[in-house]
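Trainee: I have the sequence and the structure open. Let us go through them one question at a time.

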Amino acid sequence: MTASAGRPLLRLCARASLLLASLLALLACPHSKVEESFNLQATHDLFYHGVGPAWSRSGGGEWWRRWWRDASPSCASDRGGGEPGGSCPATMEGEIDLPYDHLKFPGVVPRTFAGALVLSSAAKAIARAIPRTLCDVPSRPTLVQFLIRLELLLLSWTAHVRLSTSLERHLASRARTTAAPMATAMVADYYLLIGAAQFHVPFYASRLLPNTFASILATHAYAEWFDGKFRRAAAFLVFAAAVFRCDVAILLFAVGSSMLIRRQLSVSQALRTGALTGAIGLLSTVPLDSLLWRRPVWPEFEVWWFNAVDDRSSEWGTQPWHWYFSTALPKAMLATALLVPLAFLAPPAGRSTRGATPTSDGTRDATDGGTDGGRPRSDGALDLRMLPFFAPACGFVALYSLLPHKEVRFVFPALPAFNACAACGMGRLHRAAFPDSNPFVRSETEPTERRRNASRAATGLYLCGIGAIACTLVGSLVFLRLSTENYPGGVALERLRLRLDSSVPLDPPVPSTETAEERKRKRTHEWEDVRVHIDVAAAMTGVSLFGQRHASRRYSKGGRTLTEGPFVIEKSGYEEENSRKDMPTAYTHLLTERRSVDGYHVVDSIPGFPRLDVSNFGIKTQPAIFILERDGWQ
């Protein structure tokens with residue numbers, strides 16, 4: 001098979017590798033943690049309840065007058081959006097009875113419902129398209145949760161596939177030889193393979209974090225930038241900053257500055273693009289979020305105020321200024337980070353025109369040399385053509401380092417640029433090791449022994465590059481294995497459901513000859529008798545509304561008719577009004593981090609807190625969540 005004939009198969013394998021890696025992460029870790037809980041709970045509420053309850057409640061003129069009168073700027077600063085019965089409409093009397101989780105557990109700052117609305121609407125359309133006789137999707141909450149996360153996964157995957165093709169076109173547009181398309185196509189494939197080998201790109205592709213939504217838009221922005229559509233690239237970043245993550249504004253500043261300096265955008269074009277896209281973004285978020293939060297709100301403005309003005313993000317921990325460069329990015333890229341510098345090193349073929357063929361204008365050119373718009377992009381041993389894309393990503397990370405509170409997910413929008421550079425570096429190693437794909441790598445005028453030694457060195461370096469990707473893959477699999485132990489709350493709820501299935505009969509016996517006193521004495525617990533309390537630790541480590549709906553309901557065979565439930569599930573939150581110090585015996589079961597509670601006994605424990613045990617080549621855990629049952633209930 002020739003190289004050109006094998007290109008479609010290689011491209012298919014590269015795309016499939018990223019898709020399969022993302023699916024593996026989704027299947028291995030089906031639960032969610034506290035960082036993504038808002039969007040996950042919001043998709044549940046919008047799928048099962050929609051915006052109808054909030055819309056119908058907003059129909060009265062009195063609500064609208066109160067909405068504007070009582071909206072207080074302090075709501076953005078109050079932990080949890082205000083005290084019960086206070087002036088913050090999110091928790092005013094009469095609003096809390098709406099069937100929305102965020103009104104009872106508002107969290108620290110409000111978040112937008114825009115992403116949750118898109119995903120839940122798509123899931124509704126799919127559920128309606130599937131015949132109920134084949135599968136009644138709404139009666140299978142865990143299936144709905146999987147479907148919603150799969151939708152986000154596909155959106156993320158298509159964004160990376162699009163970026164890979166744009167990167168290929170960008171490099172091909174600067175090559176003037178017939179061999180160049182094959183070389184640039186390999187760069188596109190390496191971009192996908194590098195992303196698949198890493199941990200964070202596939203793992204977070206299906207995680208309903210605001211960072212994931214923003215990273216998808218940032219990836220599209222890079223694709224537009226590579227395609228030379230600069231206003232569209234800026235528009236994607238403006239929309240992401242206005243709707244999903246205000247910190248994307250830092251990346252917008254870095255990218256916009258590069259575009260202005262290189263005259264890819266004029267000041268007037270930048271202002272018009274920002275104003276128009278910003279207005280569209282506000283119209284996409286403010287009306288919807290104000291309706292559902294029950295007060296006028298622009299979520300990302302309040303997030304920005306909370307982090308930048310009040311500087312309260314430091315309450316969640318701080319890191320030194322260099323942490324992103326010294327820890328976060330090396331952890332995100334692992335060994336593939338070693339490929340990034342190679343994107344800026346021109347191989348011998350790019351530093352010499354020996355062996356190059358004349359171009360149509362009579363000059364000599366090589367794949368790894370050349371110019372960009374009449375301005376030299378290579379200087380001796382350096383090839384700086386990827387620098388305009390790499391520098392803004394570095395600038396984004398450097399500016400973000402000024403904020404004391406740091407997390408790896410905060411720099412996700414920069415990862416596509418770093419991975420694109422790593423793919424270019426791997427592409428250089430590929431072209432050096434396989435000179436048939438680039439006739440300028442070797443020259444027939446060179447001595448045979450020199451060519452042979454250079455070929456051995458190039459092959460060795462290429463194998464080192466492949467080894468870097470393989471080592472990254474191994475490290476990512478270890479991270480994934482550790483992550484499977486990070487959701488003890490979700491696992492505890494699943495085990496509780498299994499225990500109840502075995503201990504509470506689906507169809508309780510109804511004796512026909514026994515007296516009422518005998519039936520009372522022999523009475524079997526019914527499904528509706530169950531009352532479960534979930535503490536903060538369990539709620540933050542995998543418990544979701546989808547899981548609660550699945551655990552508390554039992555359907556007939558075929559899943560089309562609700563036969564029992566739902567039983568009562570209550571949970572605590574870190575908001576003061578949602579905290580619970582005591583555990584009344586009204587509950588039949590507890591999911592808690594406490595091993596001992598008066599009146600209850602342990603029936604199961606779920607491990608958590610995983611850490612790598614290098615000496616024994618294993619993973620150490622310790623009991624994290626306990627399932628407690630009330631004494632005498634069984």
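Trainee: How are α10 and α17 oriented to each other?

Mentor: This is a predicted model. In the model, helix α10 (residues 210-226) and helix α17 (residues 387-400) pack with their axes 11 Å apart and at an angle of about 150 degrees. Angles over 145 degrees count as roughly antiparallel. α10 and α17 are therefore roughly antiparallel.

Trainee: Which residues of α17 make the contact with α10?

Mentor: α10 passes α17 in a right-handed crossing. From α10 the contact uses Tyr222, Trp225 and Phe226, and from α17 it uses Pro388, Phe389, Pro392 and Ala393.

Trainee: How many residues of that contact of α10 with α17 are nonpolar?

Mentor: Tyr, Trp, Phe, Pro and Ala are among the types that count as nonpolar. The contact of α10 with α17 has no charged and no polar residues, and its nonpolar residues number seven.

Trainee: How are α11 and α12 oriented to each other?

Mentor: Helix α11 (residues 230-243) packs with α12 at an angle of about 160 degrees, and their axes are 8 Å apart. The cut-off for this class is an angle over 145 degrees. That makes α11 and α12 roughly antiparallel.

Trainee: What is the handedness of the crossing of α11 and α12?

Mentor: In the contact, residues of α11 including Phe230, Leu237 and Val238 meet residues of α12 including Val248, Leu252 and Met259. By class the contact of α11 with α12 has 13 nonpolar, no polar and no charged residues. The crossing of α11 and α12 is left-handed.

Trainee: How many polar residues are in the contact of α7 with α18?

Mentor: The crossing of α7 and α18 is right-handed. His160, Leu163, Leu167 and Leu171 of α7 meet Pro416, Ala420 and Cys424 of α18. The residues of this contact divide into six nonpolar, no charged and, as for polar, one.

Trainee: How many disulfides does a search of the whole structure find?

Mentor: Cysteine 424 is buried, with a relative accessible area of 4%, and cysteine 246 is buried with 18%. For disulfides, the search of the whole structure gives zero.

Trainee: Is cysteine 464 buried or exposed?

Mentor: Cysteine 464 is in helix α19. A residue over 50% relative accessibility counts as exposed. Cysteine 464 has 54%, so it counts as exposed.

Trainee: Is threonine 472 buried or exposed?

Mentor: Threonine 472 is found in helix α19 (residues 448-483). Not counting residues up to four places away in sequence, threonine 472 touches Ala197, Gln198, Met333, Leu334, Ala335 and Thr336. Its relative accessible area is 0%, so threonine 472 is buried.

Trainee: What is the phi of leucine 334?

Mentor: Most residues other than glycine have a negative phi. Leucine 334 lies in the loop between α15 (323-333) and α16 (348-351), and at 25% relative accessibility it counts as partly exposed. Although leucine 334 is not a glycine, its phi is positive, at about 50 degrees.

Trainee: What is the phi of arginine 263?

Mentor: Arginine 263 lies in the loop between α12 (248-261) and α13 (267-293). At 77% relative accessibility, arginine 263 counts as exposed. Arginine 263 is not a glycine, yet its phi is positive, at about 60 degrees.

Conventions: Residues numbered from 1 in each chain as written. Predicted model: local features only at pLDDT ≥ 70, side-chain atom pairs only at ≥ 80, totals over all residues. Heavy atoms only, no water. Disulfide = S-S within 2.5 Å. Buried < 20%, exposed > 50% of the residue type's maximum accessible area, 1.4 Å probe, protein only. Left-handed = near helix turned anticlockwise from the far one by under 90°. Helix = DSSP H or I, 4+ residues; strand = E, 2+ residues; numbered from the N terminus. Contact = heavy atoms within 4.5 Å. Axes fitted to C-alpha atoms, helices over the stretch in contact; angles between N-to-C directions. Parallel < 35°, antiparallel > 145°, perpendicular 65-115°, else oblique.
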